[in-house]
Amino acid sequence: MRRGLAGVVRGPDNTRQQPAGGVAGADTPAVGTSEGWPGAVPDERTRQWHSAHVENAGFYTIRAPDRAYFLARLRSPVVAAIAALGRAHGRPLTILEVGCGSGADSVCLALQGHDVTTIDPSEHLLARARGLADVAAALFPARPLRLRVERGNVFDLPGAAGRYDVVLSFGVVVLWREEERRLRALANLRATLNPGGWLVLGTTNTTHPLFKLLPLIPLVADLADHNLAIMEGEVRQAGFAVVDRGAVGLSEHFDQWLANRLARFPLRLADRVFARLPAGWQLPVAPHVFVVARASGGGRRDGAGFG
Ligand SMILES: C[S@@+](CC[C@H](N)C(=O)[O-])C[C@H]1O[C@@H](n2cnc3c(N)ncnc32)[C@H](O)[C@@H]1O
């Protein structure tokens, strides 16, 4: 039986409920939700988004990951930023990833020797993350992975309070169009950190006009209007000081959706051009951006009540 971070399941009103399948125990039936989602997810729209764009569309399948795939992903900006935090601390970090999707970042962070817990509310995606971890373990037997892949939800993280050096969440807060929900998610992410812990938060630059032209329009149209400036404002409101920012190209997040190597070529080409832009130009035009932020002393901590 797999156990999520939460020992108990709480409803939207934070009352204790019957455990739902996957959060407290995979072999207990889900309570009041559609199959595959924990009772603690109060967000029907997010569930619909996933059903339409992820689970039925077959996104988030990394095709035939080999050593080259992992070695390239280990050099990706997000993984590299967390590697730099590890070097600054001089020890492996305890890391929580919230909303891991296919699990690529978490698996790479575990390959670097960090102690990683990664959660997602979708069993469908967790299965992919576990599969990817198995492939990595087979390809890199000399690097034993300390990685837990568990079911969980950003609005219900009580077992995680104050435990992590780093909390990573990429492409998750942008799912909620309401600022209040994004701020609540951020407060909950903050509450998982130990004093002085780090948030690495990524979003999709959905306000960029070029982004709206991509053939992924239905998927993008369902997201909040978000970008670096909006995200930084929200991160500060949640009690973090932003210390760094980074841009992520097209291939890192979209390659995995394309079965055909030829179809990936234009993405790689665009990224080569992108990589040649001066750093200051990359951030405004990047499809994905992220910040590295540190929990500051005097900020709000009202997320400690967890949704
Ligand atoms: C756009 S995907 C990003 C996945 C991955 N982080 C990446 O960058 O490729 C959004 C992820 O958020 C997860 N998610 C949706 N609702 C969530 C919630 N309430 N708490 C945590 N994760 C959630 C989804 O299942 C999905 O894996």
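This is a predicted model: local features need pLDDT of at least 70, side-chain atom pairs count only at pLDDT 80 or more; totals for chains, interfaces and linings use all residues.

Me: How many helices and strands does the protein have?

Reply: Helices are DSSP runs of H or I with at least four residues and strands are runs of E with at least two, numbered from the N terminus; by that reading the protein has 11 helices and nine strands.

Me: Which residues of α3 are buried, and which are exposed on the other side?

Reply: A residue is buried if 20 or more other C-beta atoms, placed from the backbone, lie within 10 Å of its own, exposed if 12 or fewer, and partly exposed in between. In α3, Val78, Val79, Ile82 and Leu85 are buried; because they cover an arc of only 115° around the axis (taken from the directions from the helix axis to the C-beta atoms), they lie on the same side of α3. On the other side of α3, Ala84, Arg87 and Ala88 are exposed. Of the 307 residues of the protein, 43% count as buried.

Me: At what angle do α3 and α4 pack, and how far apart are their axes?

Reply: Two packed helices are described by the angle between their axes and the distance between the axes. Axes are lines fitted to C-alpha atoms, for helices over the stretch in contact, and angles run from 0 to 180 degrees between N-to-C directions. Helix α3 (residues 77–89) packs against helix α4 (residues 104–111) at an angle of about 35°, with the axes 10 Å apart. Contact requires C-beta atoms, placed from the backbone, within 7 Å, and here Val78, Val79 and Ile82 in α3 meet Asp105, Cys108 and Leu109 in α4. The residues of this contact divide into five nonpolar, no polar and one charged, where Ala, Val, Leu, Ile, Met, Phe, Trp, Tyr, Cys and Pro count as nonpolar, Asp, Glu, Lys and Arg as charged, and the others, Gly among them, as polar.

Me: Which residues make the contact of α4 with α5?

Reply: The axes of α4 and helix α5 (residues 123–139) come within 9 Å and cross at roughly 30°. Ala104, Ser106, Val107 and Leu111 of α4 make the contact with Ala129, Leu132, Ala133 and Ala136 of α5, and by class it has seven nonpolar, one polar and no charged residues.

Note on methods: Residues are numbered from 1 along each chain as its sequence is written. Two residues are in contact if their C-beta atoms, placed from the backbone, lie within 7 Å.
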